[in-house]
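Q: I am new to this structure and would like to learn how to read it step by step. Could we begin with a single chain and then turn to where chains meet?

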Amino acid sequence: MRYSVFSLLWNGLRGNRDWTPAWRQPEPKPHYDVVIVGGGGHGLATAYYLAKEFGIANVAVLEKNYIGSGNVGRNTTIIRSNYLLPANNPFYELSMKLWEGLEQDFNFNAMVSQRGVLNLYHSDAQRDAFTRRGNAMRLHGVDAELLDREAVRRMVPFLDFDNARFPIKGGLLQRRGGTVRHDAVAWGYARGADSRGIDIIQGCEVTGIRRENGRVTGVETSRGFIGCGKLALAAAGNSSEVARMADLKLPLESHVLQAFVSEGLKPFIDGVVTFGAGHFYVSQSDKGGLVFGGDIDGYNSYAQRGNLATVEHVAEAGKAMIPALSRVRVLRAWGGIMDMSMDGSPIIDRTHIDNLYLNAGWCYGGFKATPASGFCFAHLLARGTPHEKAAAFRLDRFRRGHLLDEKGQGAQPNLH
Amino acid sequence: MASLVPCPHCGSRPKEEFTIKGAALARPAPDADPDSWFHYVYLRENPRGAYEEYWHHTAGCRRWLIVCRDTVTHQVNTSQDAAAAKGQAA
Amino acid sequence: MTSYRLPQGGLIDRGHPLSFTFDGKALQGVQGDSLASALLANGRRLVGRSFKYHRPRGILTSGAAEPNALMTIGSSGRTEPNTRATMQELYAGLEARSQNRWPSLAFDIGALNSLASPFLGAGFYYKTFMWPAPFWEKVYEPFIRKAAGLGRATHEADPDSYDKCWAHCDLLVVGSGPAGLAAALTAGRAGARVIVADEHAMAGGSLLSETAIIGGTPASAFAEACATELRSLPNVTLLTRTTVFGWYDGNVFGAVERVQRHIATLSPSRPVERLWRIVAKGTILATGAEERPLVFGGNDIPGVMMAGAMRTYLNRYAVAPGRTTAIFTANDSGYQLAADLEARGVRVSAIVDPRAAGGATYAGKARVLRDAVVTDAHGGRSLAAIDIRSGSRTDRLKVDALAMSGGFSPVVHLACHRGGRPVWSDEKAGFLPPANFGGLTPAGAARGIDGLAACLDDGARRGANLVATFGFTATPVAFGTVEGDVPVSAPAKTLWSIPGGKGKAFVDYQNDVHRKDLDLAVKEGYGHVELAKRYTTGGMATDQGKLSNVNAIGLLAEARGLSPGAVGTTTFRPFYTPVSFGALAGAHHGEHFQPVRRSPLHGWAARHGAVFVETGLWYRSAWFPRTGEKDWRESVAREVVNVRRNAGLCDVSMLGKIEICGPDAAEFLNRVYCNAFLKLPIGKARYGLMLREDGMIYDDGTTSRLEENRFLMTTTTAYAAGAMNHLEFCAQALWPDLDVRLASVTDQWAQMAIAGPKSRKILQAIIDEDIGDAAFPYLAAHEVSLFGGALHGRLFRISFSGELAYELAIPAAYGDSVAEALMATGRTEGLMPYGVEALSVLRIEKGHVTHNEINGTVVPADLGFGKMVSLAKPDFIGKAMLQREGLAAPDRPRLVGVVPLDPADTFRTGAHILAKNAAATLENDQGYVTSSAHSPHVGSTIGLALVKRGDERHGEEVVVWNGLNGEFTSARLCPPVFFDPSNEKLHA
C-alpha cells in the first residue's frame with residue numbers, strides 16, 4: 001500500500017481498518033539468487049537496492065530476531081559525511097545524498113533532519129585537525145564551515161565557554177549533517193524490499209554455511225536449509241560468529257557502545273554537538289528526548305549492555321560541555337555491539353571463498369553509512385565489482401598495508 | 001566486563017583502574033612468515049564466550065594481566081599476571 | 001476549592017503547614033505530604049496533559065510509576081522538568097508548574113489533537129509529512145519539535161553540588177517494604193554488613209499505607225520500629241530517598257540518594273544528590289509489585305486512580321479521593337480499599353468485580369456487582385460518571401472517583417539488567433524475576449508472594465538463607481500474628497482490556513497509546529513486542545512502561561493468539577527511574593572536569609608572566625608577553641629571535657621520562673626502538689623512533705645511557721603515559737625473560753631546555769664540570785654537579801631548536817630555584833624564557849617532527865627516517881609489518897617543506913596541497929600542511945607538509961588550498977629544514 005495523504009485520510013475515516021502489513025511474513029523458499037544474513041539497516045538496504053537498482057529480487061533477508069533488532073535500532077541516529085580520508089569521504093557523501101532523497105524514494109517518513117553536526121575544538125591542535133578535515137570535505141564538495149568561538153556561541157549559547165577546564169575555541173560545522181529516525185530506516189527499507197518481492201524472514205537464525213567444492217551453496221538455518229547463489233553477510237557485531245561458520249577469521253572485534261536518552265523535553269538543543277575534550281555528543285529527537293553517547297566501553301562484548309563507569313564518564317563530559325544538563329534526567333541506557341575493524345574503516349568485499357561476500361567493520365559509524373553501504377554492497381553482489389565509492393574497502397588492505405585509519409590509532413579496535 | 005576486576009596482586013578493583021589492550025595472542029617468532037604476523041596483528045577470533053585479553057592495571061600495580069572473560073555474561077573467569085603466565089617472574 | 005484532607009489520621013504533621021505554588025497559585029499542604037498528596041488534598045484533579053492528545057490527566061499512582069503527574073519544579077538553574085509529583089516531597093516554598101499545555105492547563109489548544117485522533121494513530125508520522133519534500137525540515141518538523149517534549153529544561157548552570165561514593169556490603173536490600181525490612185533485620189541481627197535502600201522518604205513501603213496490625217503494632221508504627229532498630233545497628237546502613245537504578249557486572253549496583261531534594265533551604269556543604277556504587281555479595285530484591293490499570297474507555301480521566309494509590313492517599317496522607325467513589329477491581333485488593341474508605345467516612349457506591357466470586361470477607365455497605373465491568377468513564381477534566389455493564393445491561397453511575405486494580409506485576413526491573421529475562425507465570429498472572437540469575441534473590445511481592453504475613457516471612461527466610469551462604473548464622477525474624485492481612489490473590493481471569501467501551505482505552509498513559517494503536521501495530525506487521533513498542537511508542541515514556549507494559553503484552557498476546565509468555569517482554573535496562581546528569585557526573589565538571597597537572601617549573605613560569613595553555617592535562621607556558629607587545633605573535637617572534645641570538649629557557653618537564661634498568665636494558669631498548677641501541681655508549685643520548693606493531697611510528701624521543709645498565713628515555717608529552725604502558729607491556733607480556741625494570745620518573749625531575757649560542761656560557765656558571773664542546777660534545781649525557789656540589793642534576797646536550805642547546809634535569813623540588821638562578825646568571829647574556837609557541841617555531845625552522853607529523857599513519861621513511869630503521873636487527877616492534885607493500889608504496893605522503901612564493905603571503909596548518917593549476921578536487925589532493933609558523937629566520941610563513949612523493953618534489957610550485965577559510969596560497973615545496981641544514985650551530 002502506498003502511503004499518501006489520501007491513504008491516511010481514507011483509513012482514518014474508516015477506523016484504520018484497511019491498513020495492510022508493511023511487509024509479509026513469508027516462509028523461506030528452498031533457493032534464492034542472493035541470501036543476505038542480517039535484517040538490520042545494512043542488510044535491508046542491500047536487499048532494497050538489489051531489487052530497485054539492479055533488478056535482482058529473488059533475494060531473502062534472514063534475521064535471527066526481528067528486523068532492526070541490532071544497531072539500526074539502538075544507535076544515536078546521527079548522519080554526517082565529515083570524513084577525512086579520500087577513501088572514506090566520497091562514500092559517506094554518497095550516503096548523505098541517498099539520505100537526502102530517501103523518504104521520497106522509499107515512501108516512508110524516516111524523518112531525515114539536517115539540523116547540523118557541530119564538532120567543538122578546544123585547542124590549536126584540534127583546530128588544525130579540523131582545518132585539515134574540513135578542507136578534505138570541501139575538496140569533495142561537501143559542506144563544511146570552521147566556526148570561531150563567537151560563531152559557536154551564537155549557535156549554542158549555553159555551552160560552557162569560559163569556565164570549563166578546556167575552554168571552547170570553535171567548531172567544525174556540517175550543516176547537512178543531522179539525525180534520522182533510526183527504526184524507520186529499517187522499516188522503510190524492509191517495506192520497500194518486500195514490495196519488490198524480496199522475502200524478509202524474521203526469527204530465522206543462520207546456524208551453518210554449506211560449502212561444496214569450496215563454493216558456498218547455502219545456509220543452514222533454524223528454519224531449515226536455504227540454498228543461494230550468493231551469500232551476503234551483513235551481520236555487524238555478529239560478523240565474526242557468522243564468518244566462523246565458513247572458517248573465515250576477520251579483522252574485527254565486537255565491542256559494546258552505550259547510548260542514552262533523557263526524559264522528553266521541550267526543544268533544548270537544535271543540532272548535533274560533539275565535545276572535543278571528552279567523549280560526549282548530543283542531539284534531541286523529534287519526540288523531545290536528548291539522545292547522547294560517548295565512547296565504547298573498551299572491551300570485547302556481545303552483551304548489548306554496558307558498564308556504569310562509562311555512564312559516569314559520559315555524564316561528566318556532558319555536564320562539562322553543557323552545565324545546564326545537570327538537572328536533566330537520563331531515562332535509559334542501552335548498548336549495541338559494534339563491529340570494530342582493525343583500522344576503523346569498513347569492509348565491503350568478496351571473500352576468498354566463492355559466493356561469499358562480506359559487509360562489516362562499521363565501527364560506530366554504521367548507521368550513517370546505511371544507504372551507501374546497501375547501495376555499494378548491492379552493486380558488488382550484482383555486478384561483481386566494487387562500487388567506485390567503496391573501492392578501498394577491501395578485505396586484503398590489512399595484509400597489503402593499504403590502511404584506512406582516520407584516527408591514526410593502528411590495529412587496536414578499542415582506540416578507533 | 002565486570003565493574004570490578006580481580007587483580008592477582010591487588011584484589012578486586014574498579015574497572016576504571018585498568019587499560020584494555022585486546023586479545024592475548026602469542027607474538028610470533030621474529031622470523032615467522034608474514035602470514036603469521038598478519039594474523040597476529042590483524043585477525044581476531046572475537047568469540048561469543050570465553051576470551052583471553054591483556055588488561056593493564058594502570059592505576060594500580062601496573063602489571064599486565066591476562067584476563068579470561070566471557071564476552072556474553074561479562075563474567076571474569078581467571079585473571080593472572082601476564083609474565084607469570086609465561087612462566088617468568090619479570 | 002474544597003479540601004479533601006481528612007480531619008484525622010495519616011503519617012502527616014497537621015501542625016506543620018507548608019505553603020507551595022502550583023501554576024502560580026498559592027496552596028497549602030503539611031509536613032509529610034508528597035506534592036501529589038498536597039495537590040489532591042487541595043482538590044486539584046487536573047495536574048497535567050498527555051503527550052500527543054493533550055488529554056487532561058490526574059494523579060494515577062502514589063509512586064515511581066506515575067505517568068501523568070509530571071511537573072516542573074524549581075526555578076533558574078534549579079529547574080527540574082518532568083518531576084513526578086508522587087515522588088516529590090513537599091517543602092515550604094516549592095514551586096510546581098504543569099507541563100505540555102498552552103496557554104494554560106485548563107484550556108490547552110493542543111487538546112484539539114484529540115479531534116484529529118483517527119488520523120494520528122500509531123506510526124501515522126511514518127506515512128505522511130513527505131509532501132512536498134522540502135516541507136519536512138522547513139514546516140512539519142519544526143512544528144512537531146515544538147509540540148513534542150514534556151517539560152522545559154533550563155539553559156542555566158546548576159548551582160548545586162553532587163557527590164559520589166563506593167560502598168561494600170554483605171547484603172544489599174532493595175526496598176524496605178515488609179519483605180525488605182524482614183530480610184534486613186534478619187541479616188542485620190546476624191551481624192552481616194547490610195545496606196537497605198528505599199526510594200521513598202520513609203522506610204516501610206506498603207506498610208505505610210497499611211491498616212493491618214503486626215504483632216500488636218499498627219503496620220506504620222511497626223515499620224518505624226523496624227527502621228529505628230536498623231538505624232541502631234552499627235553494621236546496617238539504611239538509605240532512604242535512595243533509588244537503586246541499575247545492576248551492573250560484578251554485582252555492582254548504582255544508586256542515587258536524593259540528599260537535599262526535599263529541603264527548602266539547601267546546605268551548601270552537602271550535595272543535593274549522591275551517587276552510590278554499591279558492591280554487594282548478595283542482594284535481596286524486595287521491590288514489591290506494581291498494580292496494573294484496567295483498560296477501559298476513559299480510563300485516563302482525572303479521578304480514575306490505581307486502587308493501591310487511593311489507599312495510600314487515604315491512609316498515609318489522609319486525603320479523600322472524592323465524595324462518591326466506585327472501585328473496579330479484578331482481585332480482592334479493591335475490597336480492602338472499600339473497607340478503608342468506609343472506615344474513613346468516604347462513600348463507596350459500588351464495587352465492580354469481573355469475577356463471579358470475590359471479596360468474600362467484605363462486609364461493608366457498598367453495592368458489590370460481580371460478573372460486571374466498567375466499560376467507560378465519563379467526564380472532562382474530572383470524573384463524573386462511569387458505565388457499568390453487568391450481563392447485557394449497562395448502567396451509568398455518578399461518581400467522582402474510581403479506583404481500579406487489574407492485578408499485580410512484580411517489579412522485576414533490576415533483576416533483568418544483566419541479560420536475564422522475566423518468566424511468565426499463568427498462576428500469578430504476571431512476569432516473575434528470572435530464576436537463579438547470579439547474586440540477586442527476589443523476596444516477597446517481587447516474586448509474586450501474596451499477603452503481608454507471607455511477605456514478612458519470605459523476606460526473613462530468604463535473607464537468612466542468603467547471609468548463611470556468606471558464613472553468618474541467621475535466624476529468620478518472626479514478627480508475631482498479623483491481623484487484617486488480606487491476601488489479594490491473583491485474579492481469576494486476567495482482563496487485558498474491557499470490551500464494549502466507546503472512549504479511548506489507554507494502555508500507555510503518558511505517550512497516549514491506546515488499545516487500537518496496538519491492534520494497528522499487529523495488523524501492520526509490527527506485532528513483535530519490540531517492534532510494537534517502537535512503532536506505537538508504548539513503554540517509551542518517562543515511566544518506561546511500569547504500568548503499561550504488561551497490559552500491552554497481554555493485548556499483543558490476544559491479538560496474535562499467543563500467551564503473554566510467548567510474546568515476552570521488551571528489554572529492561574537501566575535506569576529504574578531517571579537519574580540526573582548531576583548525580584552521574586558528581587564533582588567532575590567545570591574546572592574540575594579533569595585533574596590538572598602543573599610542572600615543577602609552573603611557579604617560575606608564572607612569575608615570569610607566562611600565558612598558559614591546556615596541553616592534555618598539563619598547563620604549559622605558551623609564551624611570555626612583555627609590556628608593549630601588541631599580540632602573542634610579537635612575543636613569540638621576540639622569544640624565537642632571542643634564542644637564535646642569545647639564549648632562552650623553556651620548561652620541558654612535561655616530557656615523559658622513563659628509567660630503564662637491568663642487565664637486559666640495552667637489548668630491551670633495541671627491541672622497542674626501530675633504530676639500533678645496543679651500542680649506545682655510556683654518557684651519550686640518541687634519538688629513538690618507536691613503532692607500533694603495525695609498522696607505523698608510535699612515538700619518538702631521546703634515550704640516554706647513564707650507566708651500563710641504566711638508561712633514561714624521554715617520550716613526547718602526549719604519549720608519556722601510553723609509552724610507559726607500552727614498555728611495560730613489552731617487558732611483562734612479550735619478553736618477561738629480559739631482566740629489565742621500568743620506572744616512570746616524569747614527576748621526579750624538573751627539566752629545562754637552555755638553547756641558544758650563549759647557552760653554554762650561562763650553564764657553565766652554575767655547573768661545576770667543564771661543559772665545553774670537547775668535554776661535553778653534541779649528544780653528551782651526564783650527571784653533573786651544580787653550585788659547587790650543592791646539587792646534582794643531569795645534563796643532556798640535545799637540541800630541538802637546532803641551536804647549541806642543553807636540557808638540564810633537576811630533582812623536581814629544586815627546579816624552581818635552579819631556573820631562577822639561571823635567569824639571574826643569564827640576564828647579562830640576554831637569557832629569556834620562551835614558551836611552547838616559540839619552541840614550535842624553532843623546531844619547524846629546523847624541520848623537527850612532532851605528533852603533528854607523527855600522525856599515526858606514517859612509517860619512518862615517510863618522515864625521512866628510512867635509513868634509521870635497522871632491518872639488520874633480529875627483532876623490533878613493528879619490523880614485520882613495516883615490510884608490507886603498501887607501506888613502501890612510491891606515492892605515499894612524505895615530509896616536505898613549504899614556503900609561500902610571496903613572503904607576504906601566509907597559509908595555515910590543515911590546508912591541503914594541490915598541484916599548480918590542478919582543479920580543486922579530492923582526487924587531486926596531494927597532501928596537507930602538518931605544521932606552520934611565521935619564521936623570523938626565513939622572514940615568511942614556513943610549513944612542514946606530508947605530500948605524495950614530497951621528498952622528490954622540492955622546488956615544485958603548488959597551491960596551498962584552504963577552501964574552509966577562503967585562502968589559496970601559491971607556494972613552493974622545499975627541503976623540510978629551513979635553518980642550519982649542515983648542523984653547524986648544533987655542534988658549535
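**Reading one chain and its contact**

A: Chain A has 10 helices and 18 strands, and the model we are reading is a predicted one.

Q: Which radius of gyration does chain A have, and what would a compact globule have?

A: The idea is to set the chain against a rule for globules: with 416 residues, a compact globule would have a radius of gyration near 22 Å, and chain A, at 21 Å, agrees with this. Along the principal axes, the C-alpha atoms of chain A fill a box of roughly 65 × 65 × 40 Å.

Q: How many of the residues in chain A are buried?

A: A residue is buried if 20 or more other C-beta atoms lie within 10 Å of its own, and buried residues make up 69% of the 416 residues in chain A.

Q: How many residues does each chain bring to the contact between chain A and chain C?

A: The size of an interface is often given as the accessible area lost when the parts come together. Here we count residues instead: the contact takes 86 from chain A and 95 from chain C. On the side of chain A that touches chain C, the largest share, 9 residues, comes from helix 4 of chain A, and by class this side has 39 nonpolar, 26 polar and 21 charged residues.

Q: In which sense do strand 16 of chain A and strand 32 of chain C pair?

A: These two strands pair in the antiparallel sense over 2 bridges, strand 32 of chain C being residues 579-580, and Val330(A) stands opposite Val579(C) in that strand of chain C.

Terms used
Residues are numbered from 1 along each chain as its sequence is written. Chains are lettered from A and ligands numbered from 1 in the order in which they are written. This is a predicted model: local features need pLDDT of at least 70, side-chain atom pairs count only at pLDDT 80 or more; totals for chains, interfaces and linings use all residues. Helices (H or I, at least four residues) and strands (E, at least two) are DSSP runs, numbered from the N terminus. The radius of gyration is taken over C-alpha atoms; the globule rule is 2.2 Å times the number of residues to the power 0.38. A residue is buried if 20 or more other C-beta atoms lie within 10 Å of its own, exposed if 12 or fewer, and partly exposed in between; C-beta atoms are placed from the backbone. Two residues are in contact if their C-beta atoms, placed from the backbone, lie within 7 Å. Ala, Val, Leu, Ile, Met, Phe, Trp, Tyr, Cys and Pro count as nonpolar, Asp, Glu, Lys and Arg as charged, and the others, Gly among them, as polar. Two strands pair if DSSP finds at least two bridges between them.
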